[in-house]
Amino acid sequence: MPSQLPAFISVVDSHTAGEPTRVVIEGGPDLGSGPLAERRARFQAEYDHFRSGVVCEPRGSEVMVGALLCKPVNPQAAAGVIFFNDVGYLGMCGHGTIGLVTTLAHLNRIGPGKHLIETPVGDVHTELHADGSVSVRNVPAFRYREAVRVEVPGYGAFTGDIAWGGNWFFLVDGHGQKLIAANRNPLVALTTAIREALIANGITGADGALIDHIELVSAPEDPANSGRNFVLCPGASFDRSPCGTGTSAKLACLYAEGKLSEEQTWKQEGILGTVFTGSVVSHGDQVIPTISGRAWITAESKLYFDSSDPFRKGIAF
Ligand code: PYC
C-alpha cells in the first residue's frame, strides 16, 4: 500500500569527510527487480513520502543524504543503491557510496577488496582498503559546455563550465569568494542565485537536464592540496565533504583543459578542509574518475513512523 509507511525501519548512519549518509538496511519499499533507474522512477512516483520521512526533519535534516539499499540486478554486484535527499533523488553520490561501502563492511556483509555497486546512472566499482578508506571508480564524467556566461541578478555576471560527474554541475572559478565554512550563508545565497539564473536563462545539462549542483572552485587553503570547492546540493544544503561527483566533474574539466593527465593525482579540499583524492583514465572523449576518501559510522538506529505522528512523512518547509 504505497502511501503508507512501515511502523519502523532500520538505518545505519555515517559521515564521509563530514557529510552524512543514512543507509536504509531494512523496511524500505519493495521497488521490484528491474534496472535501478526504473526502480528510482517507481520510488519517486509511489514512495516519495518514504524519502521525505527518512531524510527530512524531524528524523533527518536538509544535509542528510539517504541511500536505499536494493537487491542488485547483477548477482556479482554487492548492492544496488538509490540516493536521495530532502528535495529529491540523486544520480550517483560519491560521499554516499563511500558511506555505503563502509556501512556494508560495518555490518560484515563485505570485507576489504573490490565491490561492484549498481546505481540509477550506472555501475560503480569500489574498493575497500585495509586502512578503512574507500575508492570509487565512478561512472564516466565529461565537460559538456565550456565558459558559459550567466547574469545573476544582484550579483553580476559569472562564467562557468557545465559538467557531468554522476550529477550535473555548473563549476565557477573567479567568483571572488573565500571558500571557508564561516562564509557558508553568503555562499549558499550566491550559489542558489546562480542556480536560479541558470534555470531562468534555460541553461541546462544535456537533453535539457536540470543543473542542480553549483560548485565554486578556488585554490586550496592547504598548499599540500590541489584545489578547494564549495558545492550547493539540490535544495538549500551544501556538501560538507569535497563532493565525490563534484570532484569527478572538476576532474573532467581539468582533463578537457589539458591541466590533468592520467598520471596525476588531484587532492580536492572541501569546505571543511577534508580531502578526497582523485585521478582519471581517459574514456573516449570522457574520463573515468576514481575518487577516494574515508567514512565513519555514527549510529545504528530504528526510525519509527507512528500513524498518529503528523510529521511521519517529514516536514516540508
Ligand atoms: O559526494 O557526490 C557526492 C554528493 C552529491 C551530493 C552530496 N554529496
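Modeller: Let us begin with Asn 201, which is found in the loop between helix H4 and strand S11. Helices (H or I, at least four residues) and strands (E, at least two) are DSSP runs, numbered from the N terminus. Residues are numbered from 1 along each chain as its sequence is written. This is a predicted model, in which local features need pLDDT of at least 70 and side-chain atom pairs count only at pLDDT 80 or more, while totals for chains, interfaces and linings use all residues.

Biologist: How many other C-beta atoms lie within 10 Å of Asn 201?

Modeller: A residue is buried if 20 or more other C-beta atoms lie within 10 Å of its own, exposed if 12 or fewer, and partly exposed in between, with C-beta atoms placed from the backbone. Asn 201 has 13 such atoms and is therefore partly exposed.

Biologist: What span does helix H4 reach from its first C-alpha to its last?

Modeller: The expected span of a helix is 1.5 Å times one less than its number of residues. Helix H4 (residues 184-200) has 17 residues and reaches 24 Å, close to the 24 Å expected.

Biologist: Which residues of H4 are buried, and which are exposed on the other side?

Modeller: The buried ones are Leu 187, Leu 190, Thr 191, Ile 194, Arg 195 and Leu 198. Viewed down the axis of H4, these buried residues fall within an arc of 135 degrees, so they line one face of the helix; the arc is that of the directions from the helix axis to the C-beta atoms. On the other side of H4, Asn 185, Pro 186 and Ala 200 are exposed.

Biologist: What covers the buried residues of H4?

Modeller: The cover includes strands S8 (142-152), S9 (156-164), S10 (168-172), S11 (213-218) and S12 (227-232).

Biologist: How should I read backbone angles?

Modeller: Most residues other than glycine have a negative phi, and most peptide bonds are trans. Asp 207, in the loop between H4 and S11, has a positive phi of about 55 degrees although it is not a glycine. Ala 17 also has a positive phi, near 55 degrees, and lies in the loop between strand S1 (8-16) and strand S2 (19-26). Just after H4, Gly 202 takes a positive phi of about 65 degrees.

Biologist: Are Asp 207 and Ala 17 buried or exposed?

Modeller: Asp 207 counts as exposed because it has 5 C-beta neighbours inside 10 Å. Ala 17 has 26 C-beta neighbours inside 10 Å and so counts as buried.

Biologist: Which peptide bond is cis?

Modeller: The bond from Glu 57 to Pro 58 is cis, with omega near 5 degrees. Pro 58 is found in the loop between helix H2 (48-55) and strand S3 (65-70).

Biologist: What does the domain assignment of the chain give?

Modeller: Domain bounds come from an automatic or database domain assignment. Here the assignment gives domain 1 (8-139 + 297-304) and domain 2 (142-291). Their centres, taken over C-alpha atoms, are separated by 23 Å. The contact takes 23 residues from domain 1 and 25 residues from domain 2, where two residues are in contact if their C-beta atoms, placed from the backbone, lie within 7 Å. Helix H3 (94-106) and strand S7 (133-137) each supply at least two residues of the side of domain 1 that touches domain 2.

Biologist: Which residues are closest to the ligand?

Modeller: A residue is near a molecule if its C-beta atom, placed from the backbone, lies within 6 Å of it. The ligand is surrounded by 13 residues, of which the closest are Gly 94, His 95, Cys 243, Gly 244 and Thr 245. The shell draws at least three residues from each of domain 1 and domain 2. H3 and helix H5 (244-256) each supply at least two residues of the shell.

Biologist: How many residues of H5 are buried?

Modeller: Of the 13 residues of H5, 12 are buried, so this helix is largely enclosed by the rest of the structure. Gly 244 and Thr 245 are among them. Both are in contact with Cys 93, a buried residue with 31 other C-beta atoms within 10 Å. Cys 93 lies in the loop between strand S4 (79-84) and H3.

Technical notes: Lists of a residue's contacts leave out its neighbours within four places in sequence.
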